[in-house]
Amino acid sequence: MRAAVREAGRATVHLLTGAGVALLCHLMLGFLMVAAVLTAAVFGAAVLPEAVLTLRRLAGLERRRTAVWSGRPVPEAYEPLAGTLRERIRTAVHDPGSKRDLIWGGAQLLYGMVLLYAALILWGPALLVDGFWCGLAGRRPVLLPLIGRLADVGAGWSRTLLLPSPEARLAERIEQLTVTRADAVAAHGAELRRIERDLHDGAQAHLVALSMRLGLARRAYGKDPETALRLLEQAQDQAESALTELRHVVRGIHPPILTDRGLAGAVRALAASSGLDVAVETGGAEDGPRAPAAVEAAAYFVVAETLTNAVKHSGARRAAVELGRAPGRLRIAVRDEGCGGAEEGRGSGLLGIRRRVAALDGTVKVASPVGGPTVIEVELPCAW
């Protein structure tokens with residue numbers, strides 16, 4: 001009973017603030033009417049863009065309220081009010097986001113008040129009925145949860161009215177994909193340059209030295225067999241060094257251990273060779289079918305880069321890696337007990353992680369307060 005009363009009280013507070021927002025909407029709509037009249041009279045045209053900006057701020061307040069209650073963010077999509085006065089007025093009049101805010105403001109006047117009145121009326125019978133029903137009969141409350149349902153209804157209506165139009169969401173999605181595609185192309189070019197550099201400075205240099213030693217050994221074979229034998233031994237060492245460099249390059253393209261042992265086994269191998277005390281929790285990542293090769297490679301890169309950062313920059317001795325399977329998602333979380341303060345653009349490798357994850361339409365969350373710990377959480381779309 002106490003929990004039901006607390007939840008109903010929380011819902012009532014939400015509805016009460018919604019009624020306050022409704023009163024602000026009443027004032028806002030009057031302000032918009034005055035701004036429209038002044039704009040029609042020409043001399044007060046500059047008032048309309050400011051009125052629209054105020055409406056956007058009020059809608060933003062409702063988005064935050066709805067997100068706090070429902071636990072789901074409410075996105076926004078507006079055309080920027082910039083440029084000359086005529087351009088700002090044109091944007092203010094034709095922006096689809098502002099039109100949806102205006103519709104929401106009119107609707108909030110109605111349901112913001114009605115839902116609060118309904119909740120206040122419901123409190124008396126709810127306390128009497130549920131007090132008897134729970135206290136004497138030992139049953140679960142019946143009427144008090146309805147107050148929470150009223151808050152759910154208000155948040156649902158606000159979310160529906162304030163969501164950007166399908167056209168605006170599509171345009172935002174196209175812009176996002178354009179950015180991620182450019183990042184993927186940049187990351188691909190950087191990877192090709194890295195491979196070229198590794199081949200030129202590593203394997204190619206060893207192969208050139210190998211060719212020279214084989215040539216010297218062939219010339220010395222008839223005159224000085226001992227020198228030829230020594231050169232052949234050096235050539236064998238060069239061949240082994242070239243093979244080592246080639247294996248290093250191949251691992252950078254697609255680690256063979258991923259193919260052989262899967263993501264969980266590859267992550268355990270990374271943890272064992274990282275130089276840190278790393279605890280690996282695979283959860284259900286090893287159960288069922290494997291993730292696609294591109295997803296496994298991205299996850300492997302995230303873990304490898306994050307552990308490398310922890311060794312180089314954090315000063316940590318311990319770290320933890322968690323792999324998780326969710327419907328349509330692969331989750332990776334890496335935590336180190338270091339000094340924290342990780343930032344992009346300071347050699348931490350976070351930009352490379354974001355680019356690789358964004359190329360697969362995934363998400364990256366970084367929490368790294370000064371003093372630690374640093375936690376990097378990644379979600380990758382995955383068709384299991």
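**Briefing: helices and nonpolar cores**

In the protein chain, 69% of the contacts with a separation of 6 or more join residues 24 or more positions apart. The model is a predicted one. Its protein chain holds ten helices and five strands.

**Burial and surface**

- The protein chain has 384 residues, and 38% of them count as buried.
- About 22000 Å² of the protein chain is accessible surface, and carbon and sulfur atoms account for 61% of that area.

**Helices α1 and α2**

- Helix α1 covers residues 2-40 and helix α2 covers residues 47-70; their axes come within 9 Å and cross at roughly 170°.
- Because angles over 145 degrees count as roughly antiparallel, α1 is roughly antiparallel to α2.
- The contact of α1 with α2 involves 18 nonpolar, five polar and four charged residues.

**The largest nonpolar core**

- This core has 40 residues, and those touching the most other members are Leu 15, Met 28, Leu 58, Trp 104, Leu 144 and Ile 147.
- Two or more residues of this core come from each of α1, α2, α3 (85-94), α4 (96-135) and α5 (144-162).
- The biggest share is that of α1, which gives eleven residues to this core.
- Beyond its neighbours within four places in sequence, Leu 15 is in contact with Gly 112, Leu 115, Leu 116, Ala 119, Ile 147, Leu 150 and Ala 151.

Notes
Residues are numbered from 1 along each chain as its sequence is written. This is a predicted model: local features need pLDDT of at least 70, side-chain atom pairs count only at pLDDT 80 or more; totals for chains, interfaces and linings use all residues. Side-chain values use heavy atoms; hydrogens and water are left out. Axes are lines fitted to C-alpha atoms, for helices over the stretch in contact, and angles run from 0 to 180 degrees between N-to-C directions. Helices (H or I, at least four residues) and strands (E, at least two) are DSSP runs, numbered from the N terminus. Angles under 35 degrees count as roughly parallel, over 145 as roughly antiparallel, 65 to 115 as roughly perpendicular and the rest as oblique. Ala, Val, Leu, Ile, Met, Phe, Trp, Tyr, Cys and Pro count as nonpolar, Asp, Glu, Lys and Arg as charged, and the others, Gly among them, as polar. Buried means under 20% relative accessible area, exposed over 50%, partly exposed in between (1.4 Å probe, protein chains only). Contact means heavy atoms within 4.5 Å. Accessible areas come from the Shrake-Rupley method with a 1.4 Å probe; for residues, only the protein chains shown count as cover. A nonpolar core is a set of buried Ala, Val, Leu, Ile, Met, Phe, Trp, Tyr and Cys residues joined through side-chain atoms within 4.5 Å.
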